[in-house]
Amino acid sequence: MTPPNRPLLGRRNFLGLSAMALAAAACRPSVTIPTNNLGRGSLRILNWSDYIDETEGNSPGTVDRFNEATGVPTTYDPSWVGNFEAIDDQLASLLSGTGPTGYDVITPTYWLAAQLREAELLDPIPLALVPNHVNVDPAYLGLPWDRGGRFHMPWQVGITGIAYNRSTLPQGINSVTELFALDPRRFSIIGEMREAVGLVLLEQGIDASRATADEAHGAMDLIEEQAARDVKFNFGGIGDPTSFSTQLADGKIDAAMAWSGDIVQLQAENPEIEFVIPNEGAIRWFDTMVIPKGASNRGAAAEWMNFVYDPEQAAQITSYVQYISPVLGAQEVLRSQGQAELADNPILFPDNETSQRLVSFGGPTVAQEQQLDDRYAEIAGL
Amino acid sequence: MTATQSAPQPDPVGRAAATPAQTAATPSVTTEMSSIGRSRRLTVGDDASTPEVMRAMSVLLVVIVTAFGLVGLVAANGTRTATTDIRDNAGPVVVQAQTLGATLAEADAAATAAFLSGASEDVVQRRSYLDARDRAVTQVEGISALLGDDQAAHADLQELATQLTDYTGRIEAARLAGLNGVDGAQSELLAALAVQDDLTVDRQVVSARAVETLTSRSDTQTGALNLVAIGLGLLLVVVLLVVQRWLAGRTRRLLNIPLVVATVLAAGAVLWLWTGGSSAVSRTEEAQTQAFASIQNTAQVQEFGFRVRSLLATAQITGEGSDTAPLGDTTLDGPDGLFARLAEGADTDDERALVGEVVARWAEFETAVTAGTADLAAVSERFNGFSFAAEGVLAQNQEQFELDLDLAAAAVERVPVGLVALSALIAVLVLAGFQLRLADYR
């Protein structure tokens with residue numbers, strides 16, 4: 001079972017989502033993008049790879065269960081390889097104003113969803129068709145860019161913390177400072193700017209959810225120092241030789257900034273790999289389902305969201321991908337199914353004390369974040 | 001002796017002079033024309049006044065067009081100014097003033113909940129308080145920027161801003177004392193809550209004045225001048241029709257194309273002026289009676305919900321009062337409660353779904369409280385669900401309110417310039433139309 005793959009591809013020139021959206025808004029698109037389609041004829045979903053339980057033998061996966069329950073012909077496309085890559089590829093027509101994406105549901109990371117929302121490139125979710133919206137974890141309803149969750153419903157939530165090999169680091173690693181003190185050839189830094197910078201900010205005692213741009217750049221200075229020591233930058237993906245997961249499993253590194261779900265999966269065969277939330281806190285991120293503007297089948301999209309927000313279905317997905325479910329009730333279902341190991345795993349279902357130490361990166365404006373993205377790409381060689 | 005009977009005079013160019021008999025046999029031109037009919041009485045000399053009448057008519061029409069254009073311009077501009085002001089200032093102020101109440105209550109509830117967590121502060125609640133506090137400050141600044149030169153409104157807002165500064169200062173003092181286990185933390189918090197009550201009153205004053213301003217702006221969207229302009233426009237159309245009928249009678253040319261076009265344009269201009277103004281007024285009214293009414297109801301739901309939470313938390317802090325009694329208040333969920341009003345005002349399926357979610361999440365919060373759970377975080381989580389769902393309803397209605405005002409402003413945006421342009425064009429067509437007929441007399 002491979003965790004969601006977020007491989008590191010070549011860094012492209014990022015024009016800036018806001019700039020592109022402004023340009024799109026200024027130009028009259030050659031194709032009118034309708035916004036009132038409550039079509040339910042079919043459904044096209046775009047998601048990251050390995051992010052859903054698949055059909056195995058007689059056990060139907062979520063997509064097949066959805067087809068059976070609703071009769072909606074569904075195409076599930078797991079070709080979202082990265083947020084920046086999607087901006088250049090699957091989202092290009094939407095951003096340039098030339099036409100819709102061709103998908104009814106896409107799953108960007110929260111910060112990209114926020115930028116799409118700000119650029120008015122998302123259609124509202126037809127909530128009248130989503131009674132299970134009441135199961136959205138309130139933690140994801142109060143986001144400043146979508147108060148009330150009218151435009152997004154989280155798919156899965158992850159934690160970026162520190163993973164290390166207990167057998168080579170018996171003393172453990174509990175902070176970014178301890179991580180950075182290691183031999184630079186023996187640890188890696190996550191390739192996602194918001195997660196790496198966020199962890200360093202927390203280490204510095206700064207609330208990463210309310211950081212200023214200056215504070216973020218200050219944190220990046222420390223990361224730059226590590227880059228000067230030739231530290232690697234990477235992403236997750238078991239099976240990908242460059243990923244932190246594979247490098248840890250192969251013993252090429254002893255520690256890494258890492259994603260919780262990847263490590264939980266890795267632990268099944270590598271029990272010596274530990275995942276910790278640093279003393280000062282860790283970064284919470286999530287990928288979220290949104291309806292891109294002009295989607296042909298908003299009704300079907302709503303049915304899909306309603307389906308996966310049924311705690312029974314959500315529990316199935318969580319038991320496969322082993323990231324944090326944003327669906328209230330999923331934990332109870334897992335427990336009732338005798339999957340206490342998952343239900344009681346604080347990485348999958350953080351308790352209050354753990355939640356207190358989880359923060360989503362925020363504070364800088366969109367323009368400032370783009371500057372941070374550009375600088376980080378240079379530092380990390382992305 | 002008549003002209004026809006005078007002695008024949010030699011023709012200067014040598015033609016033979018007409019004999020009396022010949023002259024008698026040749027009727028005068030006038031006579032000949034009169035035998036054909038009135039419509040062909042175009043002889044020079046006898047109807048020399050017709051071109052003058054035409055010129056006079058054209059002048060009259062140009063005067064009427066000019067008057068219509070000028071009065072229409074002033075009237076349409078007045079409508080546009082009032083409508084634009086509602087969209088850009090008065091409208092946003094009433095919305096901000098309403099949502100400020102919910103924001104202040106949110107800050108209060110979060111601060112109280114954070115305080116309640118004691119020395120190991122609930123970071124999530126602390127963050128919620130800081131977010132709400134910052135939002136309140138931004139909203140106050142936003143309202144101030146929109147108030148223009150309304151000194152009385154600025155004074156009200158200044159009073160509120162002062163109280164807000166006092167409140168946030170006391171909250172920080174209470175927090176620090178609580179974190180450090182210093183005496184006086186509780187009394188500082190209770191003092192802050194007392195300031196919050198003053199803030200509520202101040203906010204209501206700001207809100208009431210904002211609603212008053214919005215109403216008075218709405219009253220100025222159309223007035224007597226619009227009626228005068230429309231009257232002049234109708235007069236123009238009528239005169240154009242009469243003139244064309246007269247010209248047709250005089251010249252046997254039924255259609256004067258420039259004047260026909262001028263008439264159509266004049267009618268169109270009058271219609272545009274009238275429908276533009278009506279549309280602006282009706283859209284503004286719709287914004288006020290539907291979307292804004294829902295915004296008010298939602299803000300009240302939020303405010304009340306936060307008050308309940310604050311009371312519950314205060315009871316826990318002070319040990320006085322019941323820690324569940326505030327839930328017995330039926331202001332929210334009674335038969336004529338705020339929830340019922342909110343549901344009544346929901347006018348789309350999605351809004352109704354959101355309202356239903358607000359009610360459901362409030363019920364979950366009530367259940368968590370009455371179950372006597374010691375897990376304050378779980379109670380807070382349930383409350384946040386209710387609060388954020390209410391924000392969804394608020395955001396939806398805010399968007400609708402802004403859309404209605406945008407449409408109102410769009411209905412009159414181009415009318416002033418358009419009227420001037422049309423009037424000028426009509427004047428040119430009038431002159432051209434008369435020139436065509438006047439050319440027959442040359």
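## Basis of the description

Residues are classed here as nonpolar (Ala, Val, Leu, Ile, Met, Phe, Trp, Tyr, Cys and Pro), charged (Asp, Glu, Lys and Arg) or polar (the others, Gly among them). The structure is a predicted model, in which local features need pLDDT of at least 70 and side-chain atom pairs count only at pLDDT 80 or more, whereas totals for chains, interfaces and linings use all residues. Residues are numbered from 1 along each chain as its sequence is written, chains are lettered from A and ligands numbered from 1 in the order in which they are written, and side-chain values use heavy atoms, with hydrogens and water left out.

## Interface between chains A and B

In the interface, 30 residues of chain B are in contact with 26 residues of chain A, contact meaning heavy atoms within 4.5 Å. The two chains bury about 2,000 Å² between them, 48% of it on carbon and sulfur atoms; buried area is the accessible area (1.4 Å probe) lost when two parts are put together, summed over both. Arg127(B), Arg361(B) and Phe388(B) supply 28% of the area that chain B buries against chain A, more than any other three residues.

There are 7 salt bridges between chain B and chain A, each a side-chain nitrogen of Lys or Arg within 4 Å of a carboxyl oxygen of Asp or Glu. A salt bridge joins Arg117(A) to Glu399(B), with the closest N and O atoms 3.1 Å apart. On the side of chain B that touches chain A, helices H4 (123-146), H10 (349-370) and H11 (376-413) each supply at least two residues; helices are DSSP runs (H or I, at least four residues) numbered from the N terminus. H11(B) gives the largest share of that side, 11 residues. By class, this side of chain B comprises 9 nonpolar, 4 polar and 17 charged residues.

## Second largest pocket

A pocket is an open set of points on a 1 Å grid over the protein atoms alone, with protein on both sides within 12 Å along at least five of seven lines; a cavity is a set where a 1.4 Å probe fits but cannot get out, and lining residues have an atom within 4 Å of a point. The second largest pocket has a volume of about 380 Å³, a volume being the space filled by probe spheres set on the points, which are joined across faces, edges and corners.

Its lining consists of 24 residues, with Leu116(B), Gln316(B), Leu376(B), Val379(B) and Ser380(B) nearest the centre. In chain B, helices H3 (49-116), H8 (257-318), H10 and H11 each supply at least two lining residues. The lining divides into 10 nonpolar, 11 polar and 3 charged residues.

## Cavities

The count is 7 cavities of 30 Å³ or more. The second largest cavity holds about 60 Å³ of space, and its lining includes Gln125(B), Phe306(B) and Phe388(B). H11(B) supplies the largest share of this lining, 3 residues.
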